[in-house]
Amino acid sequence: QIMGNTLQHRGPDQKGKYVDNEIALGIQRLSVIDPDKGNQPIFSNNNSLVIVHNGEVYNYKTLRKGLESKGYHFETNTDTEVIVNMYQEKGVDCLQDLNGMFAFAIYNIENKELFIARDRYGIKPLYYFKNTDKFIFSSELKGISVFDDIDLNISFDAIDLYLTMEYVPAPFTIYRNVYKLEQGCYLIYKNGSLEKNKWYVF
C-alpha cells in the first residue's frame, strides 16, 4: 500500500492489487485504453496468469484477432489482456510480437514464477532489488526506497558514471544494490533465483 501511494502520480485513475502467500503485485493505473473496464490486475483465459502493465502495445488489436481465432475470449478491450493471453499462448516468445512501449510483470499462480519484461528501446522504466530473502520491482526508484529494511547505500560507481557520461546507464542506478532493467531484456524470478535474458538486440 505504501509503495503504491508513492507512485500514485503515475496512475491516478485506478489502484489495484493481487496478493497471495508468495507475492504482492500492485498497480497505479493511468486509464488510456478501455478506461471503464480495463482495471488491473488482469487474468489470462485459463486464470493461471495475472498481469500488471505500464505502457501501450500498438498492435494489440491485430494480436487479439489472432488469439480470438484460436478460441480466446476477452473481458476488456485493453492491450493488457492481450499481453497476458499472448504469454499464455506463446510464453517468452510473445515478446517478439509486441510492438510498443511497455514494462509488465506476469505471475504464474500455479508454478510461482514471475516474468518481467521491458520494451525494445527501454521507453518504460523498471527498477529492481534482490537480496537473499526478497525481490522488489517498481517503475520508479522511490517505490523501492520506501522499504526501510533494505540496503540503499549510494553507488560510487554510479556517481563516477554520471560525472563521466552525464547520466547513469542501465543496469546501474544511484543505489548500489538497485538496478534498472536494460532495454529489450526480461527477468524470471522463481524460488529465490533471478535470471536475466536479452530478448531484443539492435
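Author: In this predicted model, strand β6 (residues 113–118) pairs with β10 in the antiparallel sense, over 4 bridges.

Reader: Which strand do 6 bridges join to β10?

Author: Strand β11 (residues 193–198), and these two run antiparallel. Lysine 190 has serine 193 in β11 as its bridge partner. β10 and β11 form a hairpin with 2 residues between them. In that turn, asparagine 191 has a positive phi of about 55°.

Reader: Why is β10 described as largely enclosed by the rest of the structure?

Author: A residue counts as buried when its relative accessible area is under 20%. In β10 (residues 185–190), 5 of the 6 residues are buried, so the strand is largely enclosed by the rest of the structure.

Reader: How do the side chains of a regular strand sit relative to the two faces of the sheet?

Author: They alternate between the two faces. For a case here, take phenylalanine 115: leaving out residues up to four places away in sequence, its contacts include Tyr186, Leu187 and Ile188, as well as Leu95 and Phe104.

Reader: Which residues touch the most other members of the largest nonpolar core?

Author: Leu95, Leu98, Phe104, Ile106 and Phe115, out of 26 residues. Elements supplying at least two residues each include β6, β10 and α3 (79–90). The largest share, 5 residues, comes from α3. A second, separate core has 19 residues, among them Ile116 and Tyr189.

Notes
Residues are numbered from 1 along each chain as its sequence is written. This is a predicted model: local features need pLDDT of at least 70, side-chain atom pairs count only at pLDDT 80 or more; totals for chains, interfaces and linings use all residues. Side-chain values use heavy atoms; hydrogens and water are left out. Buried means under 20% relative accessible area, exposed over 50%, partly exposed in between (1.4 Å probe, protein chains only). Two strands pair if DSSP finds at least two bridges between them. A nonpolar core is a set of buried Ala, Val, Leu, Ile, Met, Phe, Trp, Tyr and Cys residues joined through side-chain atoms within 4.5 Å. Contact means heavy atoms within 4.5 Å.
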